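Please look through the sequence and the structure below, and then read the briefing that follows, which is grouped by topic.

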Amino acid sequence: MSSFDSELDAKGLNCPLPILRAKKAIAGLASGQTLKIEATDPGSVKDFEAFCKQTGNELVSSAEEGGNFIFFIKKS
Amino acid sequence: MVIVATEASTKRLSAPERRTSLITAAKTLFAAKGFHGVSIDEIVNSVGVSPAILYRHFKSKDELYDAVLQDFACQRESYVDTIVNSAADFETILRGITRVFIDSIVSQPDLLKIEMYSLLEGHESHSDFFLNRWKTFTDYIEFSLNELQSKGRLSNIDSKASALMYQGMLREVLLLKCLQPSEHLKDYTLQELLDKMISQFVNSLDLN
C-alpha cells in the first residue's frame, strides 16, 4: 500500500493525540480519499482499529516498520 | 486443616489460573507495602503455595512486579470514544479524557498506591509505566496549547509548565479523594471537585 492523499506524522505522540489529529485530518478529506498515519505509540494499533470501527472509515492496512506503526485509513 | 484445605484447592488451579492468583495477591501487597516492603514469602503465604510454585511462574520478584504492571496496562484506558464522540475543542476533550482516566483510577485504587510507592522507592517502573500514563495529559495539554498559541488564541504562556500544573492538580485531587479522604473537602464529590478544577484551569488560560 503506497497510495495516499494526505499524510499525518504522529510519531512521539501519546494517545489521545494521534486519534485526535487523525480525526481532524480525515475531516479535511473527501469520501474515498486515504490518510497515511505514522505513529510510535504501541497503543495506537488498538486505538485506530477502534477508531475506524466507530467512525465507519476503513482501516486499509496496519503495519509495523522499524518501530513505527503505519496506518492507511480510507474515508467512508 | 486450613493449610491442607488451601493446598487441596490450589492444586485444582490450572497454570494460568495460578499465575493470575499470584498477580492478584502481589497487586494487593505491593499496593499496601510497596515493592521493597513485600517479601516472596508473604506473597506465597497469602496464596497458600510454596515459593517453588511462584518461581515456576516468575523468575524473580522484579518479574512478578512487572507482571502486575502489565496486568494494569492491559486494562489501559481507551480515549477513542471520547475523541470520536465529542467536539474537538480543547476544554471538551480535556474534560473527557480526565473523566476516563479518573474512572479508571477509581476502579483500581491499587494502581494509585503502587505509583506512590514507586515514586518513593525510585523504582524504574516509574518512568517506564507511570510517567507514560500521565503523558496522556501532559502531551495533550502541551501540544494543544502550543497549537492555540500558533493560532493566536492564547497569550505567550509556558505550555510545559501548564501541563505540569494540571498533572499536579489532578494527582492531588486523586490523593485527597481516593487515598486519604480529607475532611476539608468532604462537601465535594470527586467529580464536582474535578469539574471546578478544570474550569479554573481553563479560565486561567484566558483563551480568546
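In helix H2 of chain B, the residues B:Leu22, B:Ala25, B:Ala26, B:Lys27, B:Phe30 and B:Ala31 are buried, a residue being called buried if 20 or more other C-beta atoms, placed from the backbone, lie within 10 Å of its own. This is a predicted model, in which local features need pLDDT of at least 70 and side-chain atom pairs count only at pLDDT 80 or more, while totals for chains, interfaces and linings use all residues. Residues are numbered from 1 along each chain as its sequence is written, and chains are lettered from A and ligands numbered from 1 in the order in which they are written.

**Helix H2 of chain B**
- H2(B) covers residues 15–33 and has 19 residues; helices (H or I, at least four residues) and strands (E, at least two) are DSSP runs, numbered from the N terminus.
- From its first C-alpha to its last, H2(B) reaches 27 Å, close to the 27 Å expected at 1.5 Å a residue, where the expected span is 1.5 Å times one less than the number of residues.
- The buried residues of H2(B) pack against helices H3 (40–47), H4 (51–57), H5 (61–74) and H8 (109–121) of chain B.
- After H2(B) comes B:Gly34, whose phi is positive, near 80°.

**Domains of chain B**
- The domain assignment, which is automatic or from a database, gives chain B a domain 1 (2–72) and a domain 2 (76–205).
- The contact between them takes 10 residues from domain 1 of chain B and 11 residues from domain 2 of chain B, two residues being in contact if their C-beta atoms, placed from the backbone, lie within 7 Å.
- On the side of domain 1 of chain B that touches domain 2 of chain B, H2(B) supplies the largest share, four residues.

**Sheet of chain A**
- Chain A holds an open sheet of four strands in the order E1-E2-E4-E3, with mixed pairing, where two strands pair if DSSP finds at least two bridges between them.
- The edge strands, E1 (6–10) and E3 (58–65) of chain A, each pair on one side only.
- E1(A) and strand E2 (residues 34–39) of chain A run parallel and are joined by five bridges, and A:Glu7 has A:Lys36 in E2(A) as its bridge partner.

**Contact between the chains**
- In the contact between the two chains, 15 residues of chain A meet 15 residues of chain B.
- Helices H1 and H2 of chain A each supply at least two residues of the side of chain A that touches chain B.

Note on methods. Buried ≥ 20, exposed ≤ 12 C-beta atoms within 10 Å, placed from the backbone.
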